[in-house]
Amino acid sequence: MKLFRTLIPLREARSIVLRHVRRVGVEEVSFDLAAGRILAEDIVAEMDSPPFNRAAMDGYAVKAEDTLGAAPDKPLVLHRHEPYSGSEPESEELSEGEYIPIQTGMPMPRGSNAVLMLEYGKERDSKLEVFKPVTPGKNVAFKGEDVRRGDIVLNEGRLLRAADIGLLASIGRRYVKVRKKGAIGILSTGDELYDPKVDGSSGGAIADVNSYILAALMSTIAKPSRMGIVSDNYDALKAAIVSCIANCDAILVSGGSSVGKRDFIGDVVADLGEMLFHGVAIRPGEPTGFGIIDEKPIFCLPGYPVSMIAAFEMLVRPFLEAMHGLKEAMMRQVFAVVAKKIPSAVGRTDFVRVRLSHDEHDGEYYVEPIRVSGSGILSSVTSSDGFVIIEENREGIEEGERIVVNLW
Ligand code: AMP
Ligand code: MG
């Protein structure tokens, strides 16, 4: 399948794509709806967390100095601070030789500096026998020890995670600025395709799986819109793209991106705007193109689902990350030892589906390629744990080498 006269290197294709990124705008959302969104501001804590010194254990708030020398066979005796309602320890002030019973999370009384754990004391008749000394600060969570007022606690460009939402809650941030989700139009092209959500399989028809894969790949970061299936017809494709361009920030088209008799997308983009490259030295995914129409980026992706996924990971994902101001990798990555040589040819970048395993004896993660080459074999992706990218100057990766694995 020799397709293109010139294939440009992935690095060059990526730099062209990234040159045409237009960053999406910003919106404010309630902090509890921000998980999975990309932060568009630095978050500065406007209060300390915890907001006051508080007990980190159940027990007795004491002055640590008063417990010096205590031992199981030589208990010291403290006196209960009175009167004490039990509800607002922070408004109480301990004097020398006094204690106040306290539960985890309660504010420490003024004058106290440690919590004696329940099991190291014995309380009777407003007196406490202390069997063990405590050091100053013991079992106390100090004001600001988690987050200090004025600190930058979360940085712009971060993909917000569950614990981040908790942190926002702890410092009283109700609203946060996040990136809007870019509207990404998705078109599938091919006379043979039918929409499996609407129709059943019949005759020689093929289910359009690409538009569903693309929508799922993007839904956390962007707002995908499936714009339907277009037949292999120049005018139909042109009309579909014109209407898609009007409603979207960028378009992904899959299928019809080779240079066969029924592949029109390259011509349509060139006629409506400009095709910036067509044909990239990647495998799978060679028939990938990129152009601009009315300043809007349009990706022409291969029709084979595995090739399309490869092209997405190598070119579209970096584009989406930049478009949404993401400053960290969206995918989880691990280092793993190559268990079996991963072959590759010099002169192209390979996208290799891999399996990851963990060896309990040496504690290492091992990675090996899945040996199915067909770009139509979608189950080779579903049975993989992730993929590795082999740079174009490498002739495979030898057994024993350590490489980065991107996890689904
Ligand atoms: P093409 O790139 O149009 O030559 O398509 C290559 C192969 O991918 C053909 O076997 C197509 O039937 C298949 N294909 C194209 N588009 C899709 C799609 N949206 N879903 C599933 N398979 C597709
Ligand atoms: Mg086709």
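Which residue in S25 does Val 354 stand opposite? Gly 386 in S25 is the one that stands opposite Val 354. This is a predicted model, where local features need pLDDT of at least 70, side-chain atom pairs count only at pLDDT 80 or more, and totals for chains, interfaces and linings use all residues. Residues are numbered from 1 along each chain as its sequence is written, while chains are lettered from A and ligands numbered from 1 in the order in which they are written.

**View 1. S23 and its antiparallel partners.** Strands here are DSSP runs (E, at least two residues), numbered from the N terminus, as are helices (H or I, at least four); two strands pair if DSSP finds at least two bridges between them. S23 and S25 (residues 386-390) pair antiparallel over five bridges. S24 (residues 365-369) also runs antiparallel to S23, joined by five bridges, and here Arg 355 has Glu 368 as its bridge partner. Look for Gly 363 in the S23-S24 hairpin, with its positive phi near 75°.

**View 2. S19 meets S23.** S19 (residues 282-283) pairs with S23 (residues 349-358) in the parallel sense, over two bridges. Ile 282 has Thr 349 as its bridge partner.

**View 3. The six-stranded open sheet.** The order is S16-S13-S17-S21-S20-S18, with mixed pairing. S16 (223-230) and S18 (274-278) are the edge strands, each pairing on one side only.

**View 4. S13 alongside S16.** S13 (residues 183-189) and S16 pair in the parallel sense over six bridges. Ser 188 finds its bridge partner in Ile 229 of S16.
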